[in-house]
Amino acid sequence: MSDAAPEISVVIPIYNEEAILAESVAELLRGFAAAGITAFEIVLAENGSRDRTREVAARLASEHPEVRTFSCPTPNYGAALRQGIEGARGELVICEEIDLCDLDFHRRALALLRAGEADLVVGSKAMRGAHDRRPAGRRAATRVYNGMLRLTLGFTGTDTHGLKAFRRSALAPVVGRCIVGHDVFASELVIRAEREGLRVREIPVELVEKRAPSVHLLRRVPKVLHHVLRLMAAIHFGVGQSTEES
């Protein structure tokens, strides 16, 4: 990789993705080439995989100068995403999901950021114009979760988790103030950006997953509720203002 910083960093948390990792990265590389984008990096943020994800990521990094990878010791989506953002070299950062790799979102979000029309662009699965093709239970869970965020934390949007793109210089201070890990880190980032007056723009996305979730929905619920409660205490009462990676 060149010593010059790229314009774009694509940060992708990965956990037990041996089956789809190589083809998903190849899809991204083909998409950027077709769009004539050359100044970019792909950061694979591996966290606690039990399959060969780490080895596949290392091979991809050795084969493609645009790809680099690191590993967190335990499964923690939020910690991996945060570390990837903090280590990103590009001014424009895209937070991707390895089972999505939505190049159309990249195109639309980058256009808004380059035009100075937003600091943070969120790809919403729930707003008008979106097409969420996941099973009904997962679609319902998204709406319940974001309704809870609106009720408890004053969130005014329709979605917080999933695809995002932002200007690193605007969001880096917000990242530094985030306190929770796991799935709720992504929500905290959006909520804090909104509360601090940054220009947050939602755009609809079409969601078609390449595989079933790597962690069962019901197993995630207790930890999500725990972190939402911590975030409520921090935002409303100033309690627990420290980063948690557990």
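A search of the whole structure turns up zero disulfides, a disulfide being a pair of cysteine sulfur atoms within 2.5 Å. In general terms, a disulfide is a covalent bond between the sulfur atoms of two cysteines. Before going further, please keep in mind that this is a predicted model, in which local features need pLDDT of at least 70 and side-chain atom pairs count only at pLDDT 80 or more, while totals for chains, interfaces and linings use all residues. Residues are numbered from 1 along each chain as its sequence is written, and side-chain values use heavy atoms, with hydrogens and water left out.

Let us stay with the cysteines for a moment. The sulfur of C178 lies 11 Å from the closest cysteine sulfur, which belongs to C95, and that is too far for a bond. C178 has 0% relative accessibility and therefore counts as buried; here buried means under 20% relative accessible area, exposed means over 50%, and partly exposed is in between (1.4 Å probe, protein chains only). For C72, the nearest cysteine sulfur is again that of C95, 14 Å away. C72 is buried too, at 7% relative accessibility.

Now to the sheet. Seven strands form an open sheet in the order β3-β2-β1-β4-β7-β5-β8, with mixed pairing. Helices (H or I, at least four residues) and strands (E, at least two) are DSSP runs numbered from the N terminus, and two strands pair if DSSP finds at least two bridges between them. At the edges are β3 (67-72) and β8 (200-204), each of which pairs on one side only. From one strand to the next, the twist averages 20 degrees.

With β1 (residues 8-14), β4 (residues 92-95) pairs in the parallel sense over four bridges. Opposite I8 you will find L92 of β4, and S9 has V93 of β4 as its bridge partner. The pairing of β4 with β7 is antiparallel, and four bridges join the two strands; there, C95 stands opposite K164 in β7. Which way do the residues of β4 point? L92 and I94 point one way and V93 and C95 the other, and all are buried.

Contact means heavy atoms within 4.5 Å, and axes are lines fitted to C-alpha atoms, for helices over the stretch in contact, with angles from 0 to 180 degrees between N-to-C directions. Helix α6 (residues 168-177) lies across β4, β5 (120-124) and β7 (164-167), running at about 105 degrees to β7.

Back to α1 itself. This helix has 14 residues and reaches 20 Å from its first C-alpha to its last, close to the 20 Å expected at 1.5 Å a residue; the expected span is 1.5 Å times one less than the number of residues. Its buried residues are L21, S24, V25, L28, L29, G31 and F32. Seen down the axis of α1, they fall within an arc of 160 degrees, so they line one face of the helix. The arc is that of the directions from the helix axis to the C-beta atoms. An α-helix has 3.6 residues a turn, so residues three or four places apart point the same way. Cover for the buried residues of α1 comes from elements including β1, β2, α2 (53-63), β3 and α4 (103-114). On the face turned away from the buried side are the exposed residues A33 and A34. After α1 comes G36, with a positive phi near 75 degrees.

In α5, R138, T142, Y145, N146, L149, T152 and L153 are buried. These buried residues fall within an arc of 135 degrees when seen down the axis of α5, so they line one face of the helix. The face turned away from them carries the exposed residues A136, V144 and L151. Just after α5, G154 takes a positive phi of about 70 degrees.

Finally, two loop residues. D99, in the loop between β4 and α4, is buried, with a relative accessible area of 7%. Leaving out residues up to four places away in sequence, D99 touches I20, V208, E209, K210 and R211.
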